[in-house]
Amino acid sequence: MTEPKQLSHHGVPDHQPLAGGIAARARAAATPQYLSGLNPEQREAVETLDGPVLVLAGAGTGKTRVLTCRIAHILSTGRARPGEILSVTFTNKAAREMKLRLGQMLGQAVEGMPWLGTFHSIGGRILRFHAELVQLKSNFTVLDVDDQIRLLKQLLQAENIDDKRWPARMLAGLIDGWKNRGLTPSQVPPGEAAVFGNGKGGKLYTAYQERLKILNAADFGDLLLENIRLFREHPDVLRQYQNRFKFILVDEYQDTNVAQYLWLRLLSQAPSKPGVPVSAIIPGAVDAAVIPGHAAGVNPESGNGADSPRDSGFAPVGAPRNDGGDVVARSATSSSAPKNICCVGDDDQSIYGWRGAEVDNILRFEHDFPGAKVIRLERNYRSTGHILAAASHLIAHNEGRLGKTLRTEDVDGEKVTVTGSWDSEEEARAIGEEIEELQRAGHKLNDIAILVRASFQMREFEDRFVTLGLPYRVIGGPRFYERAEIRDALAYLRVINSPADDLAFERIVNVPKRGLGDATVQMLHDHARKRRIPLFEAARAVTETDELKPKARGSLRDLIASFDRWRAQREVTSHTEMAEIVLDESGYTEMWQKDRSADAAGRLENLKELVRSMEEFENLQGFLEHISLVMDRDGGADDDAVSLMTLHSAKGLEFDNVFLPGWEEGLFPSQRTLDEQGRAGLEEERRLAHVGLTRARRRAKLYFATNRRIHGTWSTTIPSRFLDELPAHNVEITESKGGSGWGGSGGYGPSRFDNVESFGSSYTTPGWQRAQANRARGQGGRNGQAGGGFNESQSPFSGTRSDASSRGDFSRNKRAPVTIEGELIAKSTGTTSEFSLDDRVFHQKFGYGNVVKIDGNKLTIAFEKAGEKKVVDSFVERV
């Protein structure tokens, strides 16, 4: 029989089904439902199943849909069973979303996909199947960070290493960095191993791994590192999984680190013949001490980014690779072709280099997988034309990228706006007013986000929103005043302000460490409860007895003396300077300065921002009242509220209206990132700016301030270089609205220093009206301070030491010296004891004895075994 395609008759035209005709409609009805609605590029990415495929998916181009549709297509066409597909994501949330979508498409088929999950969850699953091959048992424990730190502290003590100079948390960061690079203890370059513990870093890493095996435990990094070792040392196991997985899909490939890259490269090669070593698949995989993107003998970085601290275990970005280069390609092509692997990612959104992500992995995909097909998803379904044009023009300045241009069929929309303000306070005020305008126009607050480069920028906005009565939520971390270091600092200030604040005193009695553990605190609680006195006064009483060991008693006595001194100083010192003194003399600042962890620098910046935030208030009492208002604003997750977050936390999210403040040199791009990583750091910062812009659906508004306080010092800044890299025809320059009521009319104006006595009458926004009403209500008792301390007439520089004396005089006029109150409290606790001389008593610690002296509620007792001790009468019983 003749094949249909061979039939031909001259003069008969070729036939194509008519659009909308019966044949076309029948064909459409036969098309799987999951393919309907895909654009040509998306459909090509879904249907191209053979060989390696790289899908370059720009922001808002529907990459998640492509991934799920691709899995559905593999299953529907019968190319693989659910258990033969390896689908890897970065977060549990992404894995759950993918399972949910597949369930909606395919029904129960998704239940049979055991290999859909995160890198570490799948790695852990494989490890439990073959635990004995890596000296573990199948019921091994995965240690959390706290357990890891405790174990490392034990090893430091065994090596007689000072854990204050060489903190366990720093060593944990180094080890995590080495594991992220796929380095076992024997593979760590000597130069890197020598930077910790006077050259003992490598020895400690070895001891740590040995100890984990003894405890039948693994940490988070081991879930992949031990997988790699398993595959390298047992090729038969590797072949088992290579044969099992017919298709491999990887999400967010641009965010993979070296260990994840090596793990994928091993699994993605075609199965080798028995007896062929792993080094034939990936040359250098067994013995290489230098991992892709890193150089041997280079000291690890220990710096911290403004908001995204770089892991101290990573070698410099841009160091030469040593993974076999062309040898890898020759090995891959000389044997059978690589497996069906599809990696989806966007090199323009690689923003996690500080935690080990290697953008070079996605840039080298065609080199690692010769013959790979690259499909670009450039049609954006999220943002308007002007926003996409601005983002694309900006990222085009990066050299290390594969290249693509986002486009949209949506309207051009509003242009990206750039606004300059005098300082960060005016910046927050202007953004607050714009948000209120959007709210009045009917926009939901849930559709509005503020994306900052560094977390310390949030404080200004949180305070402003409380003043305006705007609900807000912080995404990706605690709100500013809920951070641990801020709560600690506030606890010190609360105890100074109110000695009877037991909760605050208990929080900081052993922070930093003073040798006052739970047993001591429990003793203070028992004494305070029996005597009906505050915990602070119970501590004062106990220090005058022998209840505590000499070292603990001395530490507690020093702390009480410090608080007495600080209360006395408060009467002659401004509250801002007082806060600096307290944080310094208490040792709290020094504690974080000595901390070598990744987030220590960010915590110190937050403490500086806290001190700066106090400048707007007349005194400590007003500031603490303001904090209570801020902390009281807890809304539900479903409430309509403005979203406040860092740019790193915003990836994957989208909002109609996005405000991007702080576009200044030194802040964005981060000066620390530029100093540490050079051009590679600049390109990552530019990718971060690209991510920020592409979060916006309808409006993107950029702000910069001429004056900003960074590292505790006010300085004049210049606008970010990224602003000049935006296309002029897609950008509109606007004036700040934050100073409209201050007499300034052009640019960002001299509004902060205008000597005006009140707001301009044209300032009629709802926030202003509320502030005026609060101001009027507070005239009697708060000297015009509205809403817990809102006072626009205060200069942001009012916290300088030059005017400290005048503020001290103001405080003295309003309040009697606290030292007198302290003395009265101390005397009031010295009540007459119920015991008499020669009474026979029993003490739980010292045993039996007789009272030989009585001083108020303090007894001197001659104990039979412990000798003469001074104790508080509430701790003894008459016998």
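1. Arg699 is buried, at a relative accessible area of 16%. In this predicted model, its side chain forms a salt bridge with that of Glu414, with 3.0 Å from N to O. The two residues are 285 positions apart and tie together distant parts of the chain: Arg699 belongs to strand β14 (residues 696-710), while Glu414 lies in the loop between α16 (385-395) and β9 (416-423). Glu414 has a relative accessible area of 38% and is therefore partly exposed. The cut-off for buried is under 20%, so Arg699 at 16% falls on the buried side of it.

2. A second pair is Lys858 and Glu544, whose side chains meet in a salt bridge at 3.3 Å, N to O. Here 314 residues separate the partners, which again sit in distant parts of the chain: Lys858 in strand β19 (residues 858-863) and Glu544 in the loop between α22 (535-543) and α23 (550-570). Lys858 counts as buried because its relative accessibility is 13%. Glu544, at 43%, counts as partly exposed.

3. Glu159 and Lys200 make a further salt bridge, with 3.7 Å between N and O. Both residues are in loops: Glu159 between α6 (145-158) and α7 (168-180), and Lys200 between α8 (190-193) and α9 (201-214); the pair is 41 residues apart and links distant parts of the chain.

4. The protein has 63 salt bridges by the rule applied. Some are joined into a network, which links Lys63, Asp251, Glu252, Asp255 and Lys651.

5. β21 pairs with strand β17 (residues 840-843) in the antiparallel sense over 3 bridges. Within that pairing, Val841 is opposite Arg878 of β21.

6. Parallel pairing is found around strand β6 (residues 247-250). Strand β2 (residues 85-89) runs parallel to β6 and is joined to it by 4 bridges, with Ser87 opposite Leu249. Strand β7 (residues 340-345) also pairs with β6 in the parallel sense, over 4 bridges, and Ile341 in β7 is the bridge partner of Ile248. In general, strands of a sheet pair through backbone hydrogen bonds, either parallel or antiparallel.

7. Which way do the side chains of β6 point? Phe247 and Leu249 point one way, Ile248 and Val250 the other, and all are buried.

8. The largest nonpolar core holds 53 residues, and Phe505, Phe563 and Phe623 touch the most other members. Helix α19 (residues 484-497) supplies the largest share of this core, 8 residues. Setting aside neighbours within four places in sequence, Phe623 is in contact with Tyr481, Leu490, Leu493, Leu610, Ser613, Met614 and Phe617. Another core lies apart from this one; it has 41 residues, among them Ile122, Phe140, Trp263 and Ile341.

9. Some totals for the protein follow. The secondary structure consists of 33 helices and 21 strands. Of the 879 residues, 56% count as buried. Among contacts with a separation of 6 or more, 76% are between residues 24 or more positions apart.

Technical notes:
Residues are numbered from 1 along each chain as its sequence is written. This is a predicted model: local features need pLDDT of at least 70, side-chain atom pairs count only at pLDDT 80 or more; totals for chains, interfaces and linings use all residues. Side-chain values use heavy atoms; hydrogens and water are left out. A salt bridge is a side-chain nitrogen of Lys or Arg within 4 Å of a carboxyl oxygen of Asp or Glu. Buried means under 20% relative accessible area, exposed over 50%, partly exposed in between (1.4 Å probe, protein chains only). Contact means heavy atoms within 4.5 Å. Two strands pair if DSSP finds at least two bridges between them. A nonpolar core is a set of buried Ala, Val, Leu, Ile, Met, Phe, Trp, Tyr and Cys residues joined through side-chain atoms within 4.5 Å.
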